[in-house]
Amino acid sequence: MQATDTHRVTLHRECEATLIPSGTRVLIPEGVDGWVTQRLGASITFQAASGHLLRVDAKDADALGLPPLPAQEAMAQAPPDAPFQPERVWEALRTVYDPEIPVDIVELGLVYACQWTELPTGGHRVDVEMTVTAPGCGMGQVLQDEVRHKLLALPGVREAEVRLVWEPPWEPGRMSEAARLQLGWM
C-alpha cells in the first residue's frame with residue numbers, strides 16, 4: 001500500500017490510538033470500521049467511520065489486518081554495537097511522518113536543527129529542535145516522543161534531546177521542493 005492509498009478495514013482487536021490533532025490517547029474497540037488513509041514511518045493513520053482521525057502505532061498494524069511496516073523492520077536491523085553514523089540520524093528522522101500529511105518531518109521543514117556530540121563516556125548525544133505545522137496541534141508531543149525513541153534506537157546514540165520550538169513559526173515555504181511536488185503544490 002502506498003502512503004496515500006485508502007482502503008476500508010475493520011479492527012480485528014481493540015488497540016490504543018492517538019486522536020488527531022488533539023493528541024489524546026484513546027482505545028478503539030474491536031469491530032470498528034474505517035479507512036487506512038496513510039501508512040508511513042512508525043504509524044498508520046486510520047479514519048474511523050465515525051469521522052475521527054486516529055494515529056495507530058506500527059506495533060498494532062495487525063489490529064488493522066496489516067503486516068508490520070517495512071521502515072520499522074529496517075530500523076531494527078542495525079546491530080546495537082555498530083558504530084555511530086551521522087547519516088543514520090537523518091535516515092531515522094525521515095521515518096517520522098506528520099499523521100495528516102504523507103510527508104516526513106524533514107521534508108516538511110519541521111526539523112529546525114540537528115546536532116550530535118561525542119560523549120566523554122562513549123557514544124553520542126543527539127539534539128534536535130523541531131516544530132509542528134500549527135501551534136495548537138496536540139501531536140507535537142507524540143512526534144517528539146517518536147523522534148526521541150528512534151534516535152535512541154540508533155547504534156552509538158546514548159542520549160537524545162528533542163525540543164519543540166515555536167519560533168520561527170512553521171509555514172509552507174519551509175517544505176522541500178520534493179515535499180511540495182509530492183503534495184501537488186508545484
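How many disulfides does a search of the whole structure find? The count is zero, where a disulfide is a pair of cysteine sulfur atoms within 2.5 Å.

Before you start clicking, note that this is a predicted model, in which local features need pLDDT of at least 70 and side-chain atom pairs count only at pLDDT 80 or more, while totals for chains, interfaces and linings use all residues. Residues are numbered from 1 along each chain as its sequence is written, and side-chain values use heavy atoms, with hydrogens and water left out.

**Stop 1: the cysteines.** Select Cys15 and Cys137. The closest cysteine sulfur to that of Cys15 is in Cys137, but the two are 20 Å apart, which is too far for a bond. Cys15 is also buried, with a relative accessible area of 3%. Here buried means under 20% relative accessible area, exposed means over 50%, and partly exposed lies in between (1.4 Å probe, protein chains only). Now select Cys114: this cysteine counts as buried too, at 14% relative accessibility.

Stop 2: Strands are DSSP runs of E with at least two residues, helices are runs of H or I with at least four, and both are numbered from the N terminus; two strands pair if DSSP finds at least two bridges between them.

Stop 3: Select residues 43–48 (β5) and 53–57 (β6), which pair in the antiparallel sense over five bridges. Within this pair, Ile44 stands opposite Val56 in β6.

Next, pick Val36 in strand β4 (residues 33–40). Is Val36 buried or exposed? Val36 counts as buried, at 0% relative accessibility.

**Stop 4: two cis peptide bonds.** Go to Pro21, in the loop between β2 (15–20) and β3. The peptide bond from Ile20 to Pro21 is cis, with omega near 5°. Then jump to Pro168, in the loop between β9 (157–164) and α4 (177–182). The bond from Glu167 to Pro168 is cis, with omega near -5°.
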